[in-house]
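Please find below a short note for a colleague who is new to this structure. The points are numbered and may be read in order.

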Amino acid sequence: ANGTAYVLGETITYKITVTNDGNLTITDITVTDERTGLSEEIASLEPGESKEYTTETTVTEEDILSGHIINDATAEGTSPDPEEPEVPVEPGHTDDEPEDKDGHLTVKKETTSETPEGGYKLGDTVSYKITVTNDGNLTITDITVTDELTKGEWTIESLAPTESKEFTTSYTVTEADVLAGKVVNEATAKGTSPDPDEPDVPVTPGTKEDPTEEPDGHLTITKETTSEAAAEDGKYALGEEITYKITVTNDGNLTITDITVTDELTGDEWTIESLAPEESEEFETSYTVTEADILAGEVVNVATGEGKSPDPDEPEVPVVPGE
């Protein structure tokens with residue numbers, strides 16, 4: 001027993017003593033204990049004579065709900081008294097105390113995917129195993145398990161004490177997770193207890209926290225010459241036009257906004273409202289070769305830009321210019 005209270009599933013052992021406390025010999029006695037299933041025969045008991053038996057029972061959920069472990073043993077026999085052949089019997093009765101009612105669920109969440117070195121990257125998939133366990137002493141029914149982050153929802157018809165059920169789910173790392181530096185996921189549940197005093201089941205939710213990569217707001221600009229010089233040697237002549245393609249790529253893991261792209265040589269300027277990670281935008285421009293370029297022996301063109309990052313620690317975006 002747990003102190004003085006018996007716990008669910010615990011074995012209780014009883015001693016049953018049948019005593020002839022009358023003044024006649026009783027024959028053909030049947031001793032029964034309905035709860036334990038005991039059924040024993042005694043051929044006869046003389047006055048003052050006794051017979052003992054042992055029997056066992058296991059504490060049930062019904063006992064816990066009722067707050068009592070009741071057991072009655074009785075007997076019947078035949079008296080030689082022709083006027084009262086049926087023997088009056090005083091049955092044996094016990095009333096033991098079970099543990100208190102405790103409807104409870106615990107949800108455990110484990111990450112089953114391998115965490116990359118440096119943390120999960122934007123777009124990575126995080127896999128989880130959710131285990132719901134009935135760690136109380138009452139059967140819980142109509143259980144709903146929810147994972148708000150992954151939008152997973154599952155139902156369990158019932159879970160007996162010590163029973164568990166497992167589920168799997170997954171989640172894709174977002175920019176918000178990268179900015180937070182972690183993916184925090186909580187799974188919980190609700191169910192119905194047979195305890196009329198507390199039908200809503202207390203639940204311990206399962207929480208898991210996984211690291212993400214460092215925030216990295218970054219732009220790279222590439223510049224390509226799309227024209228060909230008229231001369232066979234590939235050199236541009238005075239007054240000849242050179243055309244360019246400028247590509248702005250967000251090669252970081254944060255959405256960059258309010259982007260301004262400038263080409264100082266051509267005097268062109270473009271704006272981009274926002275670029276999500278891996279997104280690109282292209283522009284075209286042209287330039288006419290001048291005498292200064294001929295004297296320099298080359299036309300050097302650099303396109304660069306600036307933008308805003310959502311990272312409060314580094315709002316100015318590093319940019320690799322295109323040359």
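Is aspartate 197 buried or exposed? With a relative accessibility of 65%, aspartate 197 counts as exposed; the term exposed stands for over 50% relative accessible area, buried for under 20%, and partly exposed for values in between, with a 1.4 Å probe and protein chains only.

1. Basis of the note. The model is predicted, so local features need pLDDT of at least 70 and side-chain atom pairs count only at pLDDT 80 or more, whereas totals for chains, interfaces and linings use all residues. Residues are numbered from 1 along each chain as its sequence is written, and side-chain values use heavy atoms, with hydrogens and water left out.

2. Salt bridge of aspartate 197. A salt bridge is a side-chain nitrogen of Lys or Arg within 4 Å of a carboxyl oxygen of Asp or Glu, and the count by this rule comes to 13. One of them joins the side chains of aspartate 197 and lysine 101, at 3.1 Å from N to O. Aspartate 197 lies in the loop between strand 12 (182-192) and strand 13 (203-204), and lysine 101 in the loop between strand 6 (92-96) and strand 7 (105-111), so the pair ties together parts that are 96 residues apart in sequence. Strands (E, at least two residues) are DSSP runs numbered from the N terminus. Lysine 101 is partly exposed, at 29% relative accessibility. A network of salt bridges links Lys101, Asp195 and Asp197.

3. Salt bridge of lysine 208. The side chains of lysine 208 and aspartate 210 meet in a salt bridge of 3.2 Å, N to O. Lysine 208 is partly exposed, with a relative accessible area of 24%, while aspartate 210 counts as buried at 3%.

4. Aspartate 258. Lysine 308 forms a salt bridge with aspartate 258, at 3.7 Å from N to O. Lysine 308 belongs to strand 20 (residues 303-308) and aspartate 258 to strand 17 (residues 256-263), so this pair ties together parts that are 50 residues apart in sequence. Aspartate 258 is partly exposed, at 45% relative accessibility. Aspartate 258 also has a positive phi of about 50° although it is not a glycine. Most residues other than glycine have a negative phi.

5. Threonine 162. Threonine 162 is a residue other than glycine with a positive phi, near 75°. Threonine 162 is found in the loop between strand 10 (152-159) and strand 11 (164-172) and is exposed, with a relative accessible area of 69%.

6. Strands 17 and 18. Strand 17 runs antiparallel to strand 18 (residues 268-275), and seven bridges join them; two strands pair if DSSP finds at least two bridges between them. Strand 17 and strand 18 form a hairpin with four residues between them, and glycine 267 in the turn has a positive phi of about 80°. Valine 261 stands opposite tryptophan 270 in strand 18.

7. Aromatic pairs. The whole structure holds two aromatic pairs, where rings of Phe, Tyr and Trp (its six-membered ring) pair if their centres lie within 6.5 Å, and planes under 30 degrees apart count as stacked, over 60 as edge-to-face and the rest as tilted. Tryptophan 154 and phenylalanine 167 are stacked, with 5.2 Å centre to centre and 20° between the planes. Both tryptophan 154 and phenylalanine 167 are buried. Tryptophan 270 and phenylalanine 283 are also stacked, at 5.0 Å centre to centre and 20° between the planes.
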